[in-house]
Amino acid sequence: MVDQPNIRDVAKAAGVSTATVSRALAQPDKVREATLKKVMEAVEKTGFVPNRQASMFRSRKSNTVILLVRDISNPFYLDIYKGVEEAAFEAGYKVLMGDAREDDERITHYIEAVRECHADGLILMIGSFPQKLLEQTDKLPPIVVALEEIDGLQAPTVRVDNVAAAERAVAHLIAQGHKRIVHLTGPLDEYLGKARLQGYRQALETAGLPIDDGLIMPGDFSLNAGYEQTARLLKQGAHFSAIFASSDQMAIGAASALREKGLSIPEDVSLVGFDDTLIASIFYPPLTTVYQPRREIGRAAMAMMIRKLSAHAGDPLVADVEVADQQFSTELITRNSVAPFDDARPGT
């Protein structure tokens, strides 16, 4: 059996050191043109095939980025992933999708995957971050945040104005005559939940309407939370004519609870969601909701990550570089799940 040519054979044929061969293969832009030419000619002459894994380790690059999301089963992330993957493909990167599940151990696992050079950086779409990692931010790999804000973590961010978007959605309900409006919130210890609740409150205050804390129902963006919290209100006999949910998933869950009690949308209760996922347009009646340009947001987050990695000159573990934040506009998409409220009818 003939031994395969190795890096020492290439170095001997090129008349350079093995370190120079390694550098020429891993970071050719850092080798003089004449030397690079000699090395590549020696590679061809000897038939040497570089070991890709070893090359990745030396260069500390895998050309892979991890998109880490709250809940991989939520269809909201599909268009985000498409945008990230499109921009990544165009730049020669691959994208892996990770499921955080609000679990510090899982988040730490993905951070370690980058540190061990299985990926070059992370795009985070999660609401919290392990405290022990926040205490060593100088050792964190390249991170970009999309549509979230994490207390204690400074990272370039692609964002929308959640407060303004929520305020616009609730103002639309108020303009239709609704005064007692339920808010199904996101997690209230995290940015998205707090920002959308702030928008809800501002819309009521601007209209001179009282804020009834009994109509503010904590949730987690899930179908189950939307269903359970709406069912709880109905069981309590709460009076309301409209619901603003912090996600389309919660809105659909709420609709199920309403229909279970024989209530119709929008005849008895008007309903507004947030995200404009695919289900919003095929739901019956089609759901009024806040549109976020998710594919464009995904592309922007990946472009931000590519700029960040490029600035590291091949080493993704050096200190963070400045990359400007970017904000996208939202739009309220009005469909048939909202109807004018007439004080003459009882509502719920």
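**Entry 1: contacts and overall make-up**

I looked up the contacts in the chain first, taking a contact as heavy atoms within 4.5 Å. Among contacts between residues at least 6 apart in sequence, 70% join residues at least 24 apart. I note that this is a predicted model, in which local features need pLDDT of at least 70, side-chain atom pairs count only at pLDDT 80 or more, and totals for chains, interfaces and linings use all residues. Residues are numbered from 1 along each chain as its sequence is written, and side-chain values use heavy atoms, with hydrogens and water left out.

I found 13 helices and twelve strands in the chain; these are DSSP runs numbered from the N terminus, helices being H or I of at least four residues and strands E of at least two. Of the 348 residues, 51% are buried (under 20% relative accessible area, with exposed over 50% and partly exposed in between, for a 1.4 Å probe and protein chains only).

**Entry 2: confidence**

I checked pLDDT, the predictor's confidence in each residue from 0 to 100. Its mean over the chain is 89, and 90% of the residues reach 70 or more. Over residues 52-59 the pLDDT is below 50, and this stretch has nine contacts in the model beyond near neighbours in sequence. Residues 313-321 also stay under 50, with 25 contacts beyond four places in sequence. Where pLDDT is low, the predicted coordinates should not be read in detail.

I traced an open sheet of six strands, with the order 2-1-3-4-5-11 and parallel pairing. Strand 2 (94-99) and strand 11 (326-328) are its edge strands, each pairing on one side only. The twist averages 20° from one strand to the next. Two strands count as paired if DSSP finds at least two bridges between them. Strand 3 (residues 121-125) and strand 4 (residues 143-146) are joined by three bridges, and Leu122 stands opposite Ile143 in strand 4. Helix 6 (residues 104-115) packs on this sheet, touching strand 1 (64-69), strand 2, strand 3 and strand 4; its direction makes about 170° with that of strand 1. Such angles run from 0 to 180 degrees between N-to-C directions, with axes fitted to C-alpha atoms, for helices over the stretch in contact.

**Entry 3: the mixed sheet**

I then followed six strands that form an open sheet in the order 7-6-8-9-10-12, with mixed pairing. Its edge strands are strand 7 and strand 12 (331-333). Strand 12 pairs with strand 10 (residues 288-291) in the antiparallel sense over three bridges, and Leu332 in strand 12 is the bridge partner of Val290. Helix 9 packs on the sheet and touches strand 6, strand 7, strand 8 and strand 9.

**Entry 4: cores**

I looked for nonpolar cores, meaning sets of buried Ala, Val, Leu, Ile, Met, Phe, Trp, Tyr and Cys residues joined through side-chain atoms within 4.5 Å. The largest has 44 residues, and those with the most contacts inside it are Ile181, Tyr200, Phe240, Ile243 and Phe244. Among the elements that give two or more residues to this core are helix 8 (162-175), strand 6 (181-184) and helix 9 (191-206). Tyr200 touches residues including Ala166, Val170, Ile181 and Phe244. Apart from this core lies another, of 27 residues, among them Val95, Met125, Ile297 and Met305.

**Entry 5: Thr277**

I located Thr277 in the loop between strand 9 (270-275) and helix 12 (278-282). Thr277 counts as buried because its relative accessibility is 5%. Not counting residues up to four places away in sequence, Thr277 touches Phe76, Asp248 and Arg294.
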